[in-house]
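Let's take a walk through this structure together.

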Amino acid sequence: MGENTLTGEVFYPSFDFLGEPHIRDRAELTAEAEKDYTGFWARHAEELHWFTPWEKVLDDSNPPFYKWFTGAKTNIVYNCVDRHVLTARRNKLALIWEGEDGEFRSLSYFALKREVCKFANILKSLGVEKGDRVTLYMGRIPELVLGMLACARIGAVHSVVYGGFSVEALHERLEDSKSKVLIVADGAFQRGKIVPLKEIADEALQRAATVQSVLVVRRTGQPVNMEQGRDLWYHDLMRLPIASSSCSLEIVDAEDPLFMLYTSGTTGRPKAILHTHGGYMVGAYTTLKYVFDIQDQDRYWCAADPGWITGHSYIVYGPLLNGTTSFMYEGAPTFPYPNRWWQMIERYGITILYTAPTAIRGLMRFGDAWAERHDLSTLRLLGSVGEPINPEAWKWYHRVIGRDRCPIMDTWWQTETGMFMITPLPCDPLKPGSGGKPFPGLDMDIVNEEGQPVAPDEEGYLIVRNPWPAMLRTIYKNPDRYVEQYWSRFPGVYMTGDSARRDADGYYWVIGRVDDVIKVSGYRLGTAEIESALVSHPAVSEAAAIGLPHEVKGNIIHAFVILKTGVEVHDQLEEELKRHVGHEMGPIAKPQTIEFVESLPKTRSGKIMRRVLRARALGEDPGNLATMED
Ligand code: WT7
């Protein structure tokens, strides 16, 4: 189909090539991938280092437990760090970091290797061995990146818990993963205030028993409790001879676990998504290379948090695999003023900015002038991720930040997919609000209740029909739940949990979750977790959480609460319950509003009908009530 036949509002590509772009025409890559899917991935895998080559690219003998690059030996850290130190990239900056307070640090690839090795030796001295789990709970500081790489270097499995989570969220993740070591910062700067991470961790540790050692990184400097025999200062250990700057690298199997990352699903507790060294590496490397056209001169900034998959794949692993210079910023976008981001783009000469619609909408509120007074001419590509971007925010981003010349890569993917799945390439015509088409080779579709493909413009379930290298391998310790959650609704097909439609040009438009997952400011939360945080308060008997639309955050949480008999509603109760959820789960999970009710609409089998609650809160027609209990 020729470009001029596209329907709707279309933006044609025009961007600054830095040298030869990796791709000039999507059709080339698509044709190659469709002709020989495993050969396509093998060709990209060959650009990375393997200590022993694979016997098979894809082992699909036991679906849905797919394996990639079987028989191969590698280590993602070798490809992220060691490999570059052997070339001219040795002196290139791997990481540029700015603290919210204006502190500045940078690390060359050489320095990155040294620091990772020292860190890895510290972990070894604490008894961490291959396969052990290590939890990291910190703000956006370089030690988080170093800690993740240090774990991977010695074959330990990292589990990063987002710094915005709180006591109970951290406790259950520590306990479920049976982490041996916790790496925590004393605190994190956020909007000029200190989030007391160590204090929160101390409370979580009282509830969890498996952690043997706690490594504490000093960032905010306030006094913290250090428990004798358990807690150790990172900077103390870094000065000891054990923290040698040479540390052998564990050569691992392509299918050995690299990390686990907890995310919310339809029911129950958060589940740990498991990713491996080999396939994940190939997926993160290849997708970042093409989608953001990574070139040696780039200074790339993914403004997400390393505590989420976006940070794992596209702050830490993808950029380092591509040998690029990454920028990382610790704090809030509007601190101290709404021009903070634009100032840093100008100061560091950022060429690629990758962020979330909620951040764009939040900054858009302050008007154009804050961005206009900065020189943003180094930018050449923009990105968006986390939730659908409304065309109005897309156009503002394109005009005011991209100055009408930077294509926007609206990338759809998930914790589970590990890599971009639906995404434009820089050479594609763009439609504001659409992520474009599946990455070359992916067989994705939109189907109805019966699993049949829907007609153009019709809404349906978004699915993936073929395996991909960075796919999750399982849910940690729970293979049954893996099969049940992702592969059972339509047998043999991966269920994303999203609904979408596809227009006549083949462009995908993601609508949102079809399950009980709420996206608040792009953060993925399960109604079950919010509800159990509410119910853990002594006044609450039952609770139901729903998402309601919000202009900046995408969704906000609205909770319905049934109080225990004898508990009276009083003025401070709503505030108290919100505070309680904030303390247990984290500030991001706090309901915006709480409504006290006498009963909740349920199905005859006792399931809360959130659809009915949502309709009631929005003043809409609740639809079919046939399954509702009287
Ligand atoms: C869910 C996954 C993977 C990065 C961050 C989120 C939604 C993600 C988009 C997008 C529309 C999007 C989906 C998906 N989502 N990116 N570009 N357009 N929706 O990872 O926390 O695992 O959440 O985020 O609903 O299922 P996650």
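## Who sits around the ligand

A residue counts as near a molecule if one of its heavy atoms lies within 4 Å of it. Keep in mind that this is a predicted model. There are 17 residues around the ligand, and the ones that come nearest are Asp410, Thr411, Thr415, Arg513 and Arg524. Sort the shell around the ligand by class and you get six nonpolar, five polar and six charged residues.

Which residues pair a polar atom with the ligand, and at what distance? Thr415 is one of them: a polar atom of its side chain is 2.5 Å from an oxygen atom of the ligand. Gly386 uses its backbone instead, with a polar atom 3.1 Å from a ligand nitrogen. Glu387 also uses a polar backbone atom, and here the distance to a nitrogen atom of the ligand is 3.4 Å.

How much of the ligand does the protein bury? On its own, the ligand would expose 560 Å², and the protein buries 96% of that.

Now look for helix H12 (residues 357-364) and helix H14 (residues 391-401). Their axes come within 10 Å and cross at roughly 70°. Angles from 65 to 115 degrees count as roughly perpendicular, so H12 is roughly perpendicular to H14. On the H12 side, the contact is made by Ile360, Arg361, Leu363 and Met364, while H14 brings in Glu392, Ala393, Trp396 and Tyr397. By class, this contact has six nonpolar and two charged residues, with no polar ones.

Next, find helix H2 (residues 37-45) and H9. The axes of this pair come within 10 Å too, crossing at roughly 85°, and the two helices are therefore roughly perpendicular to each other.

Time to check the backbone. The peptide bond from Pro63 to Pro64 is cis, and its omega is near 0°. You'll find Pro64 in the loop that runs between strand S1 (56-59) and strand S2 (67-70).

Another cis peptide bond goes from Phe335 to Pro336, with omega near -5°. Pro336 is in a loop as well, between strand S17 (325-329) and helix H11 (340-348).

Finally, where is Asp293? Look in the loop between helix H9 (277-291) and strand S16 (299-302). The phi angle of Asp293 is near 45°, which is a positive value in a residue other than glycine.

Notes:
Residues numbered from 1 in each chain as written. Predicted model: local features only at pLDDT ≥ 70, side-chain atom pairs only at ≥ 80, totals over all residues. Heavy atoms only, no water. Axes fitted to C-alpha atoms, helices over the stretch in contact; angles between N-to-C directions. Helix = DSSP H or I, 4+ residues; strand = E, 2+ residues; numbered from the N terminus. Parallel < 35°, antiparallel > 145°, perpendicular 65-115°, else oblique. Contact = heavy atoms within 4.5 Å. Nonpolar A, V, L, I, M, F, W, Y, C, P; charged D, E, K, R; others polar. Polar contact = N/O pair within 3.5 Å; in protein donor to acceptor, adjacent residues only side chain to side chain. Areas by Shrake-Rupley, 256 points an atom, 1.4 Å probe, with all protein chains shown as cover.
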